[in-house]
Amino acid sequence: MRPVAMIKPFMDCLMSRGIATEWGTPTFVYCEDLLREAAGKACDTLPTEGLTVRYAMKANPVKAVLRLFDAMGLHIDASSGFEASRAMKAGVEPGRILLTTQELPNNLGELIGKGVAFDACSLRQLEVYGMTFRGSDVGLRINPGFGNGHSRGTTVGGPYAPFGIWHEELGEARRIAESHGLTVKRIHLHIGSGSDAVTAYRASRFGVEMLSLFSEVAVLNLGGGFPVDRMTGEQDSGIREAVRRYAIDLSVFRRDTGRHIRLEIEPGAYLVANAGILLATVKDVKRAGSRKFIIIDSGMTEIMRPAFYGALHPIWICPPQMIGHGRARYTVVGHCCESSDLITTRKRAGSVPVTRELPLASVGDLMLIGGVGAYCDSMSAKNYNSFPEAAEVMVDLDGKPRLIRRRQTLEQMTQNELP
């Protein structure tokens with residue numbers, strides 16, 4: 001989806017002003033139509049071996065999004081026991097949830113007992129799981145020894161990544177599984193978010209090779225990380241083509257071995273990133289030497305990605321200035337007392353302030369920041385400087401906005417504090 005197009009279905013200036021007036025700023029706004037469109041593209045790839053699409057809920061775990069995807073038939077990828085419980089609380093059936101986590105939850109027995117599936121991410125996890133659930137099915141997340149992402153912080157494969165069982169330890173993993181009567185039903189590979197097509201396909205080929213080590217495997221899960229075109233010039237991953245390539249390998253494997261292997265993918269940002277924008281208000285316009293700054297009533301408390309990854313997001317001033325009214329180069333910064341609280345930063349180099357050409361800005365203008373549906377509200381510096389969590393709004397298919405999460409109050413922020 002072209003970044004400029006993502007704003008049109010639900011964020012004309014009149015609607016933006018109406019949402020800001022009713023619920024204030026900063027406020028996240030999601031478009032149901034765009035969420036459904038992205039999910040439809042992910043599901044509308046039907047390889048002969050079968051496909052399960054799991055939503056990586058860490059991208060955006062708000063209940064309204066979980067329920068929408070659940071109703072469309074998507075399953076859930078949970079990265080913690082809390083996420084698994086949150087998904088069930090939103091109404092997702094336990095049998096549609098896969099738990100792949102760095103930390104074994106205290107309520108693992110309860111989750112497994114309800115039907116949540118589990119992938120072991122280390123030899124210790126596999127040992128603990130085997131001692132507790134002897135004779136059951138399990139999945140293995142494997143680190144293939146290589147990885148790739150849109151930044152170092154999103155690369156989750158290779159010798160610097162602590163995710164999964166190191167590929168050279170698979171013999172030991174098989175021994176542990178056999179000693180506890182476990183049946184390895186799923187091989188799970190996820191090498192990074194925003195990975196390039198060549199490396200992702202290399203992971204697919206590696207996964208197919210691993211199938212020969214575990215004769216009972218019925219599912220190959222290739223994770224997510226499909227690139228998203230937030231900015232003009234960035235490339236959409238082409239999820240259909242990627243799935244088609246993976247499916248060809250599995251078809252060949254079935255022809256050669258007679259084994260039917262189902263494919264799983266776990267898109268997160270691909271499904272929600274461009275379906276969300278952040279409404280913020282310009283609170284100040286100032287200068288330091290020759291540099292001009294726009295200060296907004298948002299920042300890393302809602303959108304950490306620029307400071308963390310050097311991620312780029314499209315920005316609009318609303319109402320847009322008339323042609324010829326004037327433009328200037330600004331550095332857009334957040335409201336936190338933190339020098340790295342930047343909205344305009346250098347790609348892949350967080351905390352480096354850069355300028356971007358925008359219409360002339362004035363105090364009170366509404367700013368729209370695009371591509372924030374994923375890894376923004378869920379990954380923000382919540383309550384830093386004691387700013388409350390932002391409100392969240394969904395624009396329904398009929399074009400009407402509705403509140404799906406209230407703005408946090410100071411009382412809610414402090415309710416668990418003791419004298």
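Which exposed residues sit on the face of α4 turned away from its buried side? They are Phe82 and Lys89. Keep in mind that this is a predicted model.

Now the other face of α4, residues 81–89. Its buried residues are Gly81, Glu83, Ala84, Ala87 and Met88. They cover an arc of only 165° around the axis, so they lie on the same side of α4. What covers them? The cover includes α3 (63–71), β3 (75–78), β4 (97–100) and α5 (108–114). After α4 comes glycine 91, with a positive phi near 110°.

Next, the core. The largest nonpolar core has 100 residues. Within it, Tyr55, Phe69 and Leu271 touch the most other members. Helix α9, residues 239–257, gives this core its largest share, six residues. Apart from this core lies another, of twelve residues, including Met15, Ile19, Val29 and Leu366.

Take Tyr55 by itself. Leaving out residues up to four places away in sequence, its contacts include Leu66, Phe69, Ile76, Pro267 and Leu271. Asn60, His75 and Asp77 are also among them.

Last, a helix pair. How do α6 (residues 123–132) and α7 (residues 170–179) pack? Their axes are 9 Å apart, at an angle of about 10°. The two helices are therefore roughly parallel to each other. From α6, Leu123, Leu126 and Glu127 take part. They meet Glu172, Ala173, Ile176 and Ala177 in α7. By type, that contact has five nonpolar residues, two charged and no polar.

That's my tour. Over to you.

Terms used:
Residues numbered from 1 in each chain as written. Predicted model: local features only at pLDDT ≥ 70, side-chain atom pairs only at ≥ 80, totals over all residues. Heavy atoms only, no water. Core = buried A, V, L, I, M, F, W, Y, C linked by side-chain atoms within 4.5 Å. Buried < 20%, exposed > 50% of the residue type's maximum accessible area, 1.4 Å probe, protein only. Helix = DSSP H or I, 4+ residues; strand = E, 2+ residues; numbered from the N terminus. Contact = heavy atoms within 4.5 Å. Arc of directions from axis to C-beta. Axes fitted to C-alpha atoms, helices over the stretch in contact; angles between N-to-C directions. Parallel < 35°, antiparallel > 145°, perpendicular 65-115°, else oblique. Nonpolar A, V, L, I, M, F, W, Y, C, P; charged D, E, K, R; others polar.
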